[in-house]
Amino acid sequence: MPFGSGDRAQIQQILEQLGKLATDLAAVKQQVADQQHMIDQARQDATAAITSGLAEIRAVAREALGRTSDVANGHLANIGSELIAIRGAIGQLDTRLCERPTPAQEVQVAREEPAAAPEQQPVEHLAPEPAPEPEPHVKPASGPDPDILRAAAGIAHATVEAHRDTWAFLIQTAGREQHFHIPGKVQDDDGFVQVRFSGPSLVAAITSLDHVHHTADSPVTRAIAAHIHGKITTAVQEIIDRPHRGDGDGTPVRIVIDDRAATDEPAGP
């Protein structure tokens, strides 16, 4: 049965409602897509901000840890130098106390009466006395060169580069001198130290090393002292031979105690 005019109007109304629903659904889909895009953009911005913030925090933390490590290493090196100097002073004081007789021994020696002279026997019954053994020859200390000392005293600062053990030997040798000052900062790079010396400290080091070189009982101690003494005096002698004339900055004094063999060079044609 064909539709009447009333049915057609109702169908038209339904079609219009369906079209409106389709339009509303498309609008809702667009809003959802826009909101999803905004959420994704916010997520990306938050991730970028967090990543950037973490990178800055890591950089600040690394810098703070580096500064803390440098300060700690500097303090530890200074404490080590002071301990070495104190150990050397205690060793010297202990040696002096061992060589000096105690008051009880001095009183005992003073109270002892001289022993009675032995009875003289006939000459034919006296055994020949053994010849006295010659005393070991001790090379007299000639003293450092005054020109070297004057030139060293005029140095504002000199950089000494050596192994940590060499630096410890130098502290033990010159640490008891009046004009020797332990540097406030010692750069330690895997056992190889760099120290800045003043002129008075160089003079004290030269004097102490020269004395140990000529008076020490151990040949090893004499050899070490002579080697370090030679390195320092060679650097100072260069100032005497080539003095600064004021026509430039000049070459800073740098004393490197690190002898090495020459590199192998390829043979020529």
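Analyst: Axes here are lines fitted to C-alpha atoms, for helices over the stretch in contact, and angles run from 0 to 180 degrees between N-to-C directions. One note before using that: this is a predicted model.

User: Fine. At what angle do α3 and α5 pack, and how far apart are their axes?

Analyst: The angle is about 150 degrees, and the axes of α3 and α5 are 7 Å apart. Angles over 145 degrees count as roughly antiparallel, and α3 and α5 are therefore roughly antiparallel to each other.

User: Which residues make that contact?

Analyst: From α3, Ile 148, Leu 149, Ala 152 and Ala 153; from α5, Gly 199, Leu 202, Val 203, Ile 206 and Thr 207. By class, the contact of α3 with α5 has seven nonpolar residues, two polar and no charged.

User: And α3 with α6, at what angle do those axes cross?

Analyst: Roughly 85 degrees, with the axes of α3 and α6 coming within 9 Å. That makes α3 roughly perpendicular to α6. On the α3 side the residues are Asp 147, Ile 148, Ala 151 and Ala 152, and they meet Thr 233, Val 236, Gln 237 and Ile 240 in α6. The contact of α3 with α6 divides into five nonpolar, two polar and one charged residues.

User: Switching to the sheet. What is the strand order?

Analyst: β2-β3-β1-β4, an open sheet of four strands with mixed pairing. β2 (186-189) and β4 are the edge strands, each pairing on one side only. From one strand to the next, the twist averages 15 degrees.

User: Which way do β2 and β3 run, parallel or antiparallel?

Analyst: Antiparallel, joined by four bridges. Val 186 has Val 195 in β3 as its bridge partner. β1 and β4, by contrast, run parallel, also joined by four bridges; there, Thr 159 has Arg 254 in β4 as its bridge partner.

User: Which β4 side chains are buried?

Analyst: Val 253 and Ile 255, which point to one face.

User: Which strands does α4 touch?

Analyst: β1, β2 and β3; α4 packs on the sheet, and its direction makes about 120 degrees with that of β1. α4 is mostly covered, with eight of its eleven residues buried. Those are Thr 166, Trp 167, Ala 168, Phe 169, Leu 170, Ile 171, Thr 173 and Ala 174.

User: What is Trp 167 in contact with, leaving aside its neighbours within four places in sequence?

Analyst: Ser 81, Pro 183, Val 186, Val 193, Val 195 and Phe 197. In the largest nonpolar core, which has 35 residues, Trp 167 is among those that touch the most other members, with Phe 197, Leu 202, Ile 232, Val 236 and Ile 255.

User: Which elements give two or more residues to that core?

Analyst: α3 (146-153), β1 (158-163), α4 (164-174), β3 (192-197), α5 (199-215), α6 (219-241) and β4 (253-256). The largest share, seven residues, comes from α5.

User: One last thing on α5. Is His 211 buried or partly exposed?

Analyst: His 211, which lies in helix α5, is partly exposed, because its relative accessible area of 47% falls between the cut-offs of 20% and 50%. The C-alpha atoms of His 211 and Gly 143 are 7.3 Å apart in space, although the two residues are 68 apart in sequence.

Notes
Residues numbered from 1 in each chain as written. Predicted model: local features only at pLDDT ≥ 70, side-chain atom pairs only at ≥ 80, totals over all residues. Heavy atoms only, no water. Core = buried A, V, L, I, M, F, W, Y, C linked by side-chain atoms within 4.5 Å. Buried < 20%, exposed > 50% of the residue type's maximum accessible area, 1.4 Å probe, protein only. Contact = heavy atoms within 4.5 Å. Pairing = 2+ DSSP bridges. Parallel < 35°, antiparallel > 145°, perpendicular 65-115°, else oblique. Nonpolar A, V, L, I, M, F, W, Y, C, P; charged D, E, K, R; others polar.
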